[in-house]
Amino acid sequence: MNRKLLALAPLLVFVLLCVFLYQGLFANPRELQTGRIGHAMPAFNLPDLMDESKRWTDADLKGEVYLLNVWGTWCPTCLAELGYLTELREQGVKIVGLYYEQGYDPDFDGQFDINALREDVTSMLNRAGDPYQFNILDLKRTLALDLGVSGAPETFLVDKQGTILLHHTGDINPRVWRAKFAPLMQEHSNETRDFFSKFAYHV
């Protein structure tokens, strides 16, 4: 009996490996979700991207339903979604930027040029549209790590109490908005239910 099991062991390992690779091959990276859905936004105290004297905390964001959009000037997909995000802001959606600096190295902290970064940000937003009420600078990626962010763009939908309702990996476009965000925005924004019902079909 043991010999039969030993003989079958390589076959079982092969089958399990095939199943694992198959799932990975056909998995949709946009469906990756943070383990924080249904949990509170992690506590943070981070500076404003454009004004380091201004600090933002998780408590500052409570009271309104909002999108937290992780982005960077180095990210071409972020550039592509700025126009549509700007349309959403013009329709009344609150969007907060979480700036994800890919090139920062804490070992060379003194050599980081924050002014050059601000110029790049200003130039890009002037060119493509500015959807953000403000931008949080997460230079050391502490909040991003707490949120389970793997890159940019990624967007979180957060309710008035600071609970994370949705985590979307990839750009936001009309199809994604209608399918994933608009229904939850409508559900959690009762005082603007009619508005979000109409905007669910916005293209």
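This is a short chat about one predicted model.

Colleague: What should I know before I start?
Modeller: It is a predicted model: local features need pLDDT of at least 70, side-chain atom pairs count only at pLDDT 80 or more, and totals for chains, interfaces and linings use all residues. Residues are numbered from 1 along each chain as its sequence is written, and side-chain values use heavy atoms, leaving out hydrogens and water.

Colleague: How many helices and strands are in the chain?
Modeller: Six helices and seven strands. These are DSSP runs, numbered from the N terminus: helices are H or I with at least four residues, strands E with at least two.

Colleague: Where is K94?
Modeller: K94 sits in the loop between helix 2 (76-90) and strand 4 (95-99).

Colleague: Is K94 buried or exposed?
Modeller: K94 is buried, at 8% relative accessible area. Buried means under 20%, exposed over 50%, partly exposed in between, with a 1.4 Å probe and protein chains only.

Colleague: Which side chain joins K94 in a polar contact?
Modeller: The side chain of E64, at 3.5 Å. A polar contact is a pair of N or O atoms within 3.5 Å; within protein, one must be able to donate a hydrogen and the other to accept it, and residues adjacent in sequence count only if both atoms are side-chain atoms.

Colleague: New topic. How many residues of strand 6 are buried?
Modeller: Five of five, in residues 154-158.

Colleague: Which way do strand 6 and strand 7 run?
Modeller: Antiparallel, joined by five bridges. Strand 3 also pairs with strand 6 in the antiparallel sense, over five bridges. Pairing needs at least two DSSP bridges between the strands.

Colleague: What are the bridge partners of V158?
Modeller: Y66 in strand 3, and I164 in strand 7.
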